[in-house]
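Subject: Structure handover

Hi,

Here is the structure I promised to pass on to you. Please have it open while you read, as my notes follow below.

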Amino acid sequence: MKKLAFAAIAASLMATPAFAQEAEGMGGFKLGALVGYDSLSFKVDGESDSKGGLGYGVVAGYDFDAGGALVGVEAEYADSTAKYSARDIETPGDEASISAGRDLYVGARLGVPVSANMLVYAKGGYANASIKMRYDDGTDAASISENVDGFRLGAGAEYVSGTMFARAEYRYSDYGSFEYEGIDTGLKVSRHQGVVAVGYRF
C-alpha cells in the first residue's frame, strides 16, 4: 500500500513539469473574429430594463508563457445590434430609443492550461462604448451620441490546435452614468455578453 501511495505521489510530481511545458505551446500573437449575444442594460430612478442583440467584432492579442500559466494582453473592436425603444412617452405617437454603438476594449488576461489543448482564463480591463439616443415626437426628431468609459470583467475557455484557436467567453461591462455635455443624465449603462471567437495564432 505504501509503495502504491508513493508511486502515485511520484507520478504526480513527474507530471507537473510536463503540464507546465504543455502551456508553452499556447502563447504567441492571436487574431480572430467574435460573435455572440449582447444584452445592453439601462437603469434610471431605480427602474431598469435591458435589450438583447447580436454582438460582433475582432480581437487581437499576445500571450506570454509564464511557467505553466499564460499572461496576455488584448484589444477588441466590436459593434452590436442591441436597441431599446419605447412609444407614447410624452405624447401619443412619440418614440424614443437607446442603441449600442461601437465598443472598444483593452486589457489583460491570465490563463491556466487544463490540458495540452485547453486553457481557462479570467480577464479585465478598460472599456469604452458609444451610446446613441434618439427622440421623435412625430413632428421633430433629435438624436445624440456619446462615449462612456468603464471596465470589463470576464472569464472563458480557449481551445488551441496548431495555428488555430477557438474560445467561448462571458463578460460583464459597466460604463457608469451616461453624461451629455458634462451633465449627468442619471442613466446607468452596463452590458452582459456571451461570445465565441475563432482565429489564428502566429
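Helices (H or I, at least four residues) and strands (E, at least two) are taken here as DSSP runs, numbered from the N terminus. Counted that way, the protein chain has one helix and nine strands, and the order from the N terminus is α-β-β-β-β-β-β-β-β-β. Before you go further, please note that this is a predicted model, in which local features need pLDDT of at least 70 and side-chain atom pairs count only at pLDDT 80 or more, while totals for chains, interfaces and linings use all residues. Residues are numbered from 1 along each chain as its sequence is written, and side-chain values use heavy atoms, with hydrogens and water left out.

A word on burial next. I call a residue buried under 20% relative accessible area, exposed over 50%, and partly exposed in between (1.4 Å probe, protein chains only). Of the 202 residues in the protein chain, 36% count as buried.

Pocket and cavities

Rolling a probe the size of a water molecule over the atoms shows where empty space is left. The search runs on a 1 Å grid over the protein atoms alone: a cavity is a set of points where a 1.4 Å probe fits but cannot get out, a pocket is an open set with protein on both sides within 12 Å along at least five of seven lines, and lining residues have an atom within 4 Å of a point. Grid points are joined across faces, edges and corners, and a volume is the space filled by probe spheres set on the points.

The largest pocket has a volume of about 450 Å³. It is lined by 19 residues, of which V44, A96, I98, M133 and L187 are the closest to its centre. Two or more lining residues come from each of β1 (28-44), β2 (47-65), β4 (83-87), β5 (95-113), β6 (118-136) and β9 (183-201).

Nonpolar patch

Patches are built from residues with over 30% relative accessible area and no salt bridge, joining like charges within 9 Å and nonpolar side chains (Val, Leu, Ile, Met, Phe, Trp, Tyr) within 5 Å. Accessible areas come from the Shrake-Rupley method with a 1.4 Å probe; for residues, only the protein chains shown count as cover. F29, L31, Y62, F64, V71, V73, L110, M164, Y200 and F202 make a nonpolar surface patch of about 970 Å². β1, β2 and β3 (70-80) each supply at least two of the patch residues. One member, V73, lies in strand β3 and is partly exposed, at a relative accessible area of 45%.

Salt bridges

Side chains of opposite charge can pair when their charged atoms come close. With a salt bridge defined as a side-chain nitrogen of Lys or Arg within 4 Å of a carboxyl oxygen of Asp or Glu, the count comes to 15. In one of them, E76 pairs with R171, with the closest N and O atoms 2.6 Å apart. E76 lies in strand β3 and R171 in strand β8 (residues 164-180), so this pair ties together parts that are 95 residues apart in sequence. Both E76 and R171 are buried.

R191 and D103 also form a salt bridge, at 3.5 Å from N to O. This pair links distant parts of the chain, with R191 in strand β9 and D103 in strand β5, 88 residues apart. R191 and D103 are both buried. The salt bridge between D136 and R134 has an N to O distance of 3.9 Å; here D136 is partly exposed at 23% relative accessible area, and R134 is partly exposed at 43%.

Best wishes
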